[in-house]
Amino acid sequence: MTTQEQLKTLYETLFETYGPQHWWPGDTPFEIAVGAILTQNTNWTNVEKAINNIKHDAALESHILHSMAPEKLEALIRPAGYYRLKAKRLMNFLTWLIANGDGHLENLAQRNTHDLREELLAISGIGPETADSILLYALNRPVFVVDTYTARMATRHGLIEPPFDYHELQDLFQSNLPQDIQLFKEFHALIVQIGKNFCKPKPKCDACPLNGHAHEIDGER
DNA sequence: GACCAGGCACATC
DNA sequence: GATGTGCATGGT
């Protein structure tokens with residue numbers, strides 16, 4: 001079976017099992033971007049609490065957040081963890097967004113994807129996954145988002161041989177899938193879903209719906 | 001109480 | 001260039 005066929009089968013199995021995921025949770029591109037930063041190494045339920053705190057203060061707007069005292073922002077996002085760190089990272093992003101899009105992601109619509117990615121990566125606190133999440137889900141660009149779950153699934157199913165880096169893994173998906181933004185959004189969301197349920201550090205593979213798809217556990221077997 | 005969560009930057013070797 | 005470590009809350 002080719003990699004293309006393998007990915008297609010995995011996607012179809014996941015979609016049949018879980019259905020559409022309606023990702024990213026968030027009402028606006030800006031909320032998606034804020035969530036992308038807050039969810040770094042953090043459970044989404046904690047991020048929701050932080051975003052709700054911001055909304056409760058009617059502060060989910062770039063200029064409002066940017067002019068907020070750091071201590072105030074820290075207090076609002078505290079449930080998301082790493083709150084001092086993430087307050088700085090959010091501020092870095094907001095400074096860039098205000099300078100480049102007057103605080104609105106919609107104003108970046110004409111910019112090309114490659115340049116935007118480079119600029120996002122140049123912001124301290126925004127790495128490849130956060131940048132790509134913003135590009136795919138907030139800016140609707142055909143970029144595949146790769147995370148720890150993706151890496152686990154890919155190695156355990158023999159799609160890629162470690163060691164590999166972010167770009168190699170991303171390229172595996174991007175060059176073996178149709179360049180379909182909706183597919184990219186759905187596939188990544190489904191991978192997170194299967195990751196939460198089965199593809200854990202200590203995998204629960206017995207009842208996994210992906211069983212029977214050339215599954216290996218971290219190189220064992 | 002240990003483990004885990006939708007990473008990233010920085011220090012050190 | 002590879003590897004290790006700090007960052008922090010909250011759910012299971």
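Helices (H or I, at least four residues) and strands (E, at least two) are DSSP runs, numbered from the N terminus. The structure is a predicted model, in which local features need pLDDT of at least 70 and side-chain atom pairs count only at pLDDT 80 or more, while totals for chains, interfaces and linings use all residues. Residues are numbered from 1 along each chain as its sequence is written, and chains are lettered from A and ligands numbered from 1 in the order in which they are written.

**View 1. The surface near DNA strand C.**
Helix 3 (44-56) and helix 6 (83-101) each supply at least two residues of this surface, and helix 6 gives the most, with three residues. A residue is near a strand if its C-beta atom, placed from the backbone, lies within 6 Å of it, and among the residues around DNA strand C are Asn41, Thr42, Asn43, Arg78, Tyr82, Tyr83 and Arg84. By class, the surface near DNA strand C divides into four nonpolar, six polar and two charged residues, where Ala, Val, Leu, Ile, Met, Phe, Trp, Tyr, Cys and Pro count as nonpolar, Asp, Glu, Lys and Arg as charged, and the others, Gly among them, as polar.

**View 2. The surface near DNA strand B.**
DNA strand B is surrounded by 26 residues, of which the closest are Gln40, Gly127, Glu129, Thr130 and Pro201. The elements that give two or more residues to this surface are helix 8 (128-138) and helix 11 (181-197), and helix 8 gives the most, with four residues. The residues of the surface near DNA strand B divide into nine nonpolar, 12 polar and five charged.

**View 3. The packing of helix 7 with helix 8.**
Helix 7 (residues 113-122) and helix 8 pack at an angle of about 140°, with their axes 9 Å apart; axes are lines fitted to C-alpha atoms, for helices over the stretch in contact, and angles run from 0 to 180 degrees between N-to-C directions. Angles under 35 degrees count as roughly parallel, over 145 as roughly antiparallel, 65 to 115 as roughly perpendicular and the rest as oblique, and helix 7 and helix 8 are therefore oblique to each other. Thr113, Leu116, Arg117, Leu120 and Leu121 in helix 7 meet Pro128, Ala131, Ile134 and Leu135 in helix 8, two residues being in contact if their C-beta atoms, placed from the backbone, lie within 7 Å. This contact of helix 7 with helix 8 has seven nonpolar, one polar and one charged residues.
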